[in-house]
Structures are given as structure tokens and as C-alpha cells.
Amino acid sequence: MSISTYKIPIGPIHPSLAEPMTFNFEISGERIQSVDLAPGDNHRGIEFMARNRNVVQIIYLAERICGICSASHPFAFCRAVENAAGIEVPPRAEYIRVIIAELERIHSHILWAGIAAEELGFNSVLYLSWKVREEVLDLLEMLTGNRINYGMYMVGGVRRDITEEHIPQIRKTLEYYKDAYQTLEDVFLKDPSIALRTKNVGIMTYEDALHLASVGPTARASGVKKDVRQDQPYSAYADMDIKAITPDIYSGEVNGDVFDRIIVRILEVFQSVQIIEHCIDNLPDGEILSEPKIIKLLGVLKKAKGEGVGRHEAPRGEVIHYVKLNESENPEVWKARAPTYNNLMSWLPMLQRQEVADIPIVVASIDPCIGCMDRVTLVDSNTSKEQVLTREELIKLSIEKTRRILR
Amino acid sequence: MSGGSILIFILKIFAAVTIAILGIMAGLIYKGIDRKLAARLQSRVGPPVRQPFLDFFKLMIKENIVPENAIPWIFNGAPVLALVSTITILFYIPYGSIPALFENSGDLILIAYLLTIPAVALVTGGFSSGSTYASIGAQREMVLMISYELPLVTTIIVLGWRLNLAFPGLKVFSLAALSANPIWGIVGPLGFLGALLLLLTLAIVTPAELSIVPFDLPEAETELAGGILVEYSGRNLALFELSNAVKMIVMGSLTIILFFPYNLAPLLHLTGFLAYIVDILFFFFKLFIVIFFEATLIRVALARLKIDQASIAYLIILSTVGLSGLLLIAIDYII
């Protein structure tokens with residue numbers, strides 16, 4: 001007897017998705033038989049927009065790739081440009097960069113925790129965690145002037161200094177989060193009703209995580225000890241001993257389920273607090289920008305030639321920016337790869353054989369950012385028909401383009 | 001028909017209309033209070049208490065869309081059926097010391113049946129709306145209904161049975177008899193414990209009857225985008241909202257009558273009109289307490305369960321609790 005299935009689309013608009021993304025499910029009863037992803041509704045052409053902007057203007061764009069990772073993208077972009085043009089960053093600026101990036105991680109992980117609770121229908125925890133998140137937003141506003149889109153990063157350093165008056169407030173906030181850790185642990189890791197919905201749900205094995213090249217907390221929850229801050233230390237992270245957090249630190253075992261992803265993120269909040277503490281204790285003196293005059297900086301970048309790669313461990317995973325400067329006003333190539341792009345395929349093993357009720361929490365468990373990830377949809381302007389390129393077609397197009405460039 | 005009976009008939013119709021209107025209004029007010037309290041518990045400001053009224057009036061002026069592949073007469077009939085059946089229950093409930101409008105020997109059995117009709121109406125409405133989301137929601141509602149029916153009926157039957165043992169010859173399933181002889185007075189210490197378990201059973205069935213978290217799976221906003229109600233809009237949705245609000249009153253009243261039927265007036269030595277007023281105010285106060293514990297607190301404190309978990313929770317765990325309540329009361333009687 002064959003199992004009769006029915007199709008159910010989730011998305012592009014659905015209450016559990018903050019951004020447009022389509023999942024086509026094949027379901028029998030309440031079990032998922034197969035799933036097909038259909039992204040392509042949220043491409044904004046940011047890389048295209050950057051073609052007629054200079055490097056400093058692009059920082060502004062990079063910050064707006066993602067509303068949550070608004071420190072990670074400019075961080076990676078600035079590192080890519082510095083790498084290409086050979087610009088040295090003063091040590092004090094490196095420390096301030098890391099402080100902002102880690103504050104962002106705290107706010108991103110707690111925001112995610114709230115959304116995960118909402119997907120489970122647990123609204124009280126949503127409000128509780130977002131209340132806890134407010135403190136770090138207030139601190140970020142004090143340090144940078146903005147709650148999100150901080151405008152802190154600049155090629156060759158940062159734009160605002162952290163002064164002596166800021167330090168007591170930072171310490172106060174860090175103390176607040178040390179206390180809040182207990183609350184978060186009680187609410188997320190010890191609550192039976194959350195455990196009931198997240199344990200043994202959306203499992204991704206260690207092998208799958210490796211094969212699908214997952215990054216960030218998604219990979220770490222499956223036991224892959226992978227963290228750019230640990231593997232290739234950069235910026236101020238190089239002065240610290242950072243270890244990738246896997247769920248066995250807390251529970252002694254790795255299951256790769258949604259609960260493990262919660263563990264990893266909650267522990268990382270605490271890790272970030274320790275990193276920031278180390279940074280303000282050892283904040284070096286000195287300049288915050290290698291070249292304070294933007295006109296002069298642009299002049300240098302205009303004459304620069306070369307390629308650069310900037311990597312950063314964003315809250316969601318590794319973000320890579322590639323920049324090619326070719327002695328012109330605008331960079332010749334700018335390519336941004338957000339962590340969700342890697343984690344997208346992790347959904348397939350996670351969603352396999354799960355129940356319909358698990359879809360929202362499993363989808364949310366990789367902390368997707370569709371706006372960052374979405375690439376392009378091919379639309380024929382005459383017939384307004386959408387087209388999906390297969391792997392073979394893509395390889396053919398790539399070879400053609402390589403030949404064209406080589407010529 | 002004599003002149004007197006015609007007058008009584010007209011008076012009863014008048015009373016029925018009054019009870020229906022007051023019941024709906026009370027339901028909406030309690031819904032508003034519930035939302036406000038839940039908001040305060042979640043450290044939010046929350047909507048004003050009159051918000052359910054505003055929602056209702058807004059829905060009434062909205063367009064009433066019937067999907068193309070729906071079956072119109074079932075789709076439009078379901079909300080009316082749900083509202084009518086819940087309002088009918090209101091006529092059988094004694095409020096404080098005011099006797100119920102209709103009284104018979106099998107009120108409680110009738111109420112148990114009437115309570116299933118809104119759920120059945122939801123299921124037929126969901127299936128007839130021709131949406132996949134609504135179909136999944138309707139399947140879940142059916143499973144849930146089958147699961148919580150056993151513990152609910154256990155509670156009702158045990159109370160009637162125990163009352164029959166204590167006072168043979170009494171109309172044990174009439175609400176008047178049940179509220180005149182509270183269970184706590186006729187059982188020993190062991191039976192008292194059993195009655196507590198039955199109270200717990202009824203309290204946990206209530207969230208599923210009202211379809212609120214953790215048992216709001218048929219609607220499950222983040223999963224099914226409103227599930228069973230996803231295609232409903234405008235007037236039809238407003239009627240479902242009303243029937244849900246009235247159901248809140250019904251379930252709260254049921255708990256009060258079965259377990260806390262005490263009145264304030266005899267204690268204060270009040271008689272006549274004043275006694276009615278005091279008793280009905282006390283009744284609404286009890287209703288507030290019961291709804292706070294059975295609806296507001298539960299939905300603030302828990303995450304939504306999955307359908308298999310909810311089914312196990314009712315069919316196995318809660319049925320066990322209910323049956324051990326029955327066992328304790330039986331042992332108490334034998335001893």
C-alpha cells in the first residue's frame with residue numbers, strides 16, 4: 001500500500017517566517033515526507049548597488065545587509081578592504097571592534113531565543129527574553145549612538161572611541177547579563193515544556209553538518225568544533241583563548257537537536273560577556289583610526305590594487321566578504337556571503353520525518369536571515385516567467401564567464 | 001394553552017434573550033480581563049478591557065469572504081451552530097441563587113453533549129473551507145476532542161454517581177441538585193482527595209475546550225496561520241469569537257457549580273432581592289478566579305504541545321488522574 005501524501009506550502013508569507021521564503025512540503029498525516037526550498041523572493045541587489053559607490057559608502061550598505069548582524073557585515077567588509085589595500089588597524093580600534101561585535105552577539109542570541117519561544121507558542125518567554133535584551137541595546141545606543149546599524153566600523157579602525165565614562169556602564173551591563181544567565185538557563189534549559197518540544201526534534205548529525213558545510217551555532221550544536229574566532233584568530237580575538245562552544249559542555253552529550261542549538265546560544269551569550277570583560281580590562285591606549293581624514297583614506301584606496309578576504313564569526317556563523325580593488329573609485333568586485341547561505345541546506349536533514357508542528361521551531365533553529373542570503377531569481381521580462389538554473393547550467397555559465405575574463 | 005402558561009412562555013423567551021445578551025457581554029468582558037491579566041503577567045501593558053468588543057464590531061463591518069472551493073452552506077452554517085449551541089448551555093446554568101431557566105433531570109448530560117457541538121461545528125467548518133491549513137487544524141481538533149472527552153465525562157459521571165449514593169432518589173444530574181449538595185460535604189478525607197483530582201481534571205480540560213495555549217493546536221498561529229479558522233473572516237469569524245467567549249463563561253460556570261456552588265447571601269443573612277444581587281456578584285467573582293486559574297495562568301506558563309503529546313496528556317495522564325479520583329471516592333464510600 002502506498003502512503004498517500006498531500007502538498008502544503010509554507011511561505012512566502014507565513015506568521016512563523018519573518019522574511020519571505022517558500023517551503024514546499026510533502027506530508028502524510030502529520031509527518032513530513034519531503035521538503036523543497038524555494039528562495040528568491042527577497043533579493044535586494046546590494047552588491048549591484050555597490051558598483052557605483054566608493055568604499056566608505058559601501059560600509060553604509062554593508063551595515064544594511066542584515067538588521068541583526070549590522071556589526072558583523074561591516075566588520076568583515078572593513079577587514080577585506082584592509083586586507084586588499086594593506087592598511088594596519090590600531091590595537092585600540094581592534095579591541096573596540098570586538099567589543100561591539102560581541103555586544104551584537106549577545107543581543108542577536110537573546111533575540112533568537114525569544115523568537116524560538118514564540119514559535120513554540122510560549123509568548124511569556126518571548127517577552128521575558130526581549131526584556132533582557134533591552135539592556136544591551138541601551139548600552140549599544142550609548143556607545144555607538146544607535147540601537148541597531150551602529151555606524152561604528154570604518155576602514156582602518158572605528159569611528160567612535162570608548163571613553164573612561166563608558167566603562168562603568170559597560171561593567172554594569174555585563175553584571176546584569178551574568179545574573180540574567182541564571183534566568184535564561186532556568187527558562188530555556190530547565191523548563192519541561194520547552195524540553196518537550198525541542199529535544200530530539202530537528203536532528204542534524206555530525207556527518208551531515210560537515211557535508212553540508214554548516215557554520216556557526218548550527219554546526220557547533222551538532223558537535224563540529226568550528227569557530228572562526230578559534231580556528232583563525234583575528235583582530236583582538238588573537239589575544240584571547242576562545243574555544244568553540246558545543247552542547248556537551250553543558251549536557252555532556254551531543255544530539256544535534258533544537259535543544260542543543262538553544263544550549264549553544266545561551267552559553268555563547270555568557271562567553272561573549274567574558275570576551276567583553278577581557279577587552280575592557282586590557283583596552284590598549286592609542287589611536288582609533290589609522291587615517292582619520294576620509295578624503296585622504298579614499299585617495300589611498302583609489303590607488304590600491306589587490307584582492308582581500310574578510311572573515312568574521314557573526315552570531316549566526318561565519319560571514320565572508322571578498323573585495324577586489326583595481327585602482328579605481330569603486331571596488332571592482334564585492335561579494336558578501338552570509339552564514340544563512342551555508343546553513344540553508346541543513347534544513348533538509350533537520351526537517352526530514354518531523355511533524356508539521358515542528359516546522360516553525362526547526363526552521364527558526366538555524367536563525368535564518370533570508371534577506372542576507374537571497375541571491376537572485378531569473379525572471380524573463382517578456383513573459384515574466386521565473387527560471388531556476390540547474391547545477392550544470394551554472395557550471396556552464398561560470399566557465400563561460402571565466403573564459404571571458406581571461407581573454 | 002391557558003393564559004397563565006402563555007405568559008410564562010413569553011416571559012421565558014424574554015429571559016432567554018436577556019441571558020443570551022448578558023452571557024455574550026460577560027464573555028467578552030472576561031476575555032478582555034483575561035487578555036489584560038495575561039499581558040500584565042508577561043510585563044506588557046496589554047489592550048484595554050473593552051478590546052474584545054472593539055474586535056467584534058470591527059469584524060462585523062469587515063467583508064465576509066467565502067473561499068471558492070468551500071461548501072458555502074456548511075461554511076456559513078458552522079459559526080451559527082457553534083454560537084447557538086454554546087448560548088443554549090447558558091440557559092441551564094444557575095447563577096448564584098437565581099435558578100436556571102430550564103431545569104430537568106439530565107442537565108449535566110445535556111451540557112456534556114452541547115459542549116461538543118461547537119467543536120464539531122469548527123471541524124465541519126474547517127473541512128468545508130477547502131484549505132490545507134484548515135484541514136490539518138480540523139484533524140487536530142478531532143483528535144483533541146476525542147482525547148479530552150473521557151476525562152471530562154469521568155468528572156461529570158463520578159460526581160453524579162457519588163451524589164446518587166448519598167441521596168438516592170435525587171435528580172443527580174440536574175445542576176440544581178449538584179449545586180445544592182457540594183461534593184466536599186458528602187465525602188470523607190479520602191474522597192476529598194479524589195474530588196481534588198477531579199477538579200484538577202476539569203481545570204486541565206478547560207484550556208482545550210477554549211482552544212488556548214498549550215492546547216491551541218487546531219489554531220496554532222505560528223504553525224498553521226490560524227489553522228481551522230484560517231479561511232474565516234468578517235461576520236463568520238466574529239460569531240466564532242463570540243462562541244469562544246461564551247464558552248469561557250460556560251466552562252468557568254461548570255467548574256463553579258460542580259465544585260464551588262457556595263453562596264454568600266446565607267452567610268450574611270440576606271434575603272429577597274438583595275440576596276440575589278449579592279449572590280450573582282459573588283458568582284461573577286468566583287468566575288473571575290476560576291478563569292484566572294484555568295485559562296490565564298495556564299496559557300502564560302506553558303508552551304504549545306504537539307498533537308501526539310496533547311493526546312497522550314489527555315488520554316493517558318489526565319484520564320489516569322480522573323480515574324484515580326473515581327477510585328479514591330469509591331474506596332472512601334466503601335470504607
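## Salt-bridge network

In this predicted model, the network of salt bridges links A:Glu102, A:Arg105, A:Arg220, A:Asp227, A:Arg229, A:Glu268 and A:Glu313. Over all chains, the structure holds 29 salt bridges.

## Partly exposed salt bridges

A:Glu134 and A:Arg147 form a salt bridge with the closest N and O atoms 3.2 Å apart. Because A:Glu134 lies in helix α5 (residues 123-144) of chain A and A:Arg147 in the loop between α5 and β4 (153-154) of chain A, the pair ties together parts that are 13 residues apart in sequence. A:Glu134 is partly exposed at a relative accessible area of 30%, and A:Arg147 is partly exposed at 34%.

A further salt bridge joins the side chains of A:Glu329 and A:Lys302 (3.5 Å, N to O). A:Glu329 is in the loop between β7 (317-326) and β8 (333-337) of chain A, and A:Lys302 is in helix α13 (residues 294-303) of chain A, so parts that are 27 residues apart in sequence are tied together. A:Glu329 is partly exposed, at 45% relative accessibility, as is A:Lys302, at 43%.

## Positive surface patch

A:Arg51, A:Lys401, A:Arg404 and A:Arg407 gather on the surface in a patch of positive charge. A:Arg51 is placed in the loop between α1 (46-49) and α2 (55-63) of chain A and counts as exposed, with 58% relative accessibility.

Conventions: Residues numbered from 1 in each chain as written. Chains lettered and ligands numbered in written order. Predicted model: local features only at pLDDT ≥ 70, side-chain atom pairs only at ≥ 80, totals over all residues. Heavy atoms only, no water. Patch = residues over 30% accessible without salt bridge, like charges linked within 9 Å, V, L, I, M, F, W, Y side chains within 5 Å. Areas by Shrake-Rupley, 256 points an atom, 1.4 Å probe, with all protein chains shown as cover. Salt bridge = Lys/Arg side-chain N within 4 Å of Asp/Glu carboxyl O. Lys, Arg positive; Asp, Glu negative; His and termini not counted. Charge placed at Lys NZ, Arg CZ, Asp CG, Glu CD. Helix = DSSP H or I, 4+ residues; strand = E, 2+ residues; numbered from the N terminus. Buried < 20%, exposed > 50% of the residue type's maximum accessible area, 1.4 Å probe, protein only.
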